[in-house]
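These are my notes from one sitting with a structure file. I wrote down each item as I looked it up.

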Amino acid sequence: MEKRQFPRFKTQGLNAVLTFYQANSTEQLVLEGEVLDMSLTGIKIKLFSALPAGLSDSKINITLRYVHSKVPMNINGVIRHRTTSLQCGMQFTQEMAKQAADDLLFECTRIQT
């Protein structure tokens with residue numbers, strides 16, 4: 001039995017653009033993927049290209065866009081775990097407003113039904 005404080009919600013058609021900001025560098029790495037599921041505190045993403053090693057200390061900006069919505073949502077996060085080089089879980093940073101995540105989850109659920 002899963003003992004999560006916040007349940008995961010499956011998503012469809014929610015695309016993500018991840019921008020990694022390396023510590024002590026001005027270089028950025030941009031990857032795209034599809035959101036598999038999310039909760040009010042984190043997100044699981046299937047990437048379209050492999051995630052390079054050594055990004056665990058990077059700051060990440062994630063831009064989410066639902067295919068049926070014109071409004072993107074920007075959130076900040078950190079890598080929580082990697083299951084493969086194409087799939088990773090990210091935890092939202094404290095700056096992420098839970099209301100913004102709740103609004104996005106509601107929008108995804110409303111449009112899918």
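This is a predicted model: local features need pLDDT of at least 70, side-chain atom pairs count only at pLDDT 80 or more; totals for chains, interfaces and linings use all residues.

Entry 1. Salt bridges that share partners join Arg8, Asp37 and Lys44 into one network.

Entry 2. I then listed the salt bridges and got a count of 2. In one of them the side chains of arginine 8 and aspartate 37 meet, with 3.5 Å from N to O. I checked where the two partners sit: arginine 8 is in the segment before strand 1 and aspartate 37 is in strand 3, so the pair ties together parts 29 residues apart in sequence. For arginine 8 I read 33% relative accessibility, which puts this residue in the partly exposed class.

Entry 3. Next I looked up the salt bridge between lysine 44 and aspartate 37, where the closest N and O atoms are 3.8 Å apart. Is lysine 44 buried or exposed? I found lysine 44 buried, as is aspartate 37.

Entry 4. I moved on to the strand pairing around lysine 44. Opposite lysine 44 stands glycine 89, in strand 7. Strand 7 covers residues 87–92 and pairs with strand 4 in the antiparallel sense, over 5 bridges.

Entry 5. I looked up the pairing of strand 4 with strand 3 as well. Strand 3, residues 28–38, pairs with strand 4 in the antiparallel sense, and I noted 5 bridges. Which residue in strand 4 is the bridge partner of glycine 33? I found leucine 47 there.

Entry 6. How many of the 6 residues of strand 4 are buried? I got 5, so strand 4 (residues 42–47) is largely enclosed by the rest of the structure.

Entry 7. What does the side chain of threonine 11 reach at 2.8 Å? I found the backbone oxygen of valine 35.

Entry 8. Strand 4 pairs with strand 3 and with strand 7.

Technical notes: Residues are numbered from 1 along each chain as its sequence is written. Side-chain values use heavy atoms; hydrogens and water are left out. Buried means under 20% relative accessible area, exposed over 50%, partly exposed in between (1.4 Å probe, protein chains only). Helices (H or I, at least four residues) and strands (E, at least two) are DSSP runs, numbered from the N terminus. Two strands pair if DSSP finds at least two bridges between them. A polar contact is a pair of N or O atoms within 3.5 Å; within protein, one must be able to donate a hydrogen and the other to accept it, and residues adjacent in sequence count only if both atoms are side-chain atoms. A salt bridge is a side-chain nitrogen of Lys or Arg within 4 Å of a carboxyl oxygen of Asp or Glu.
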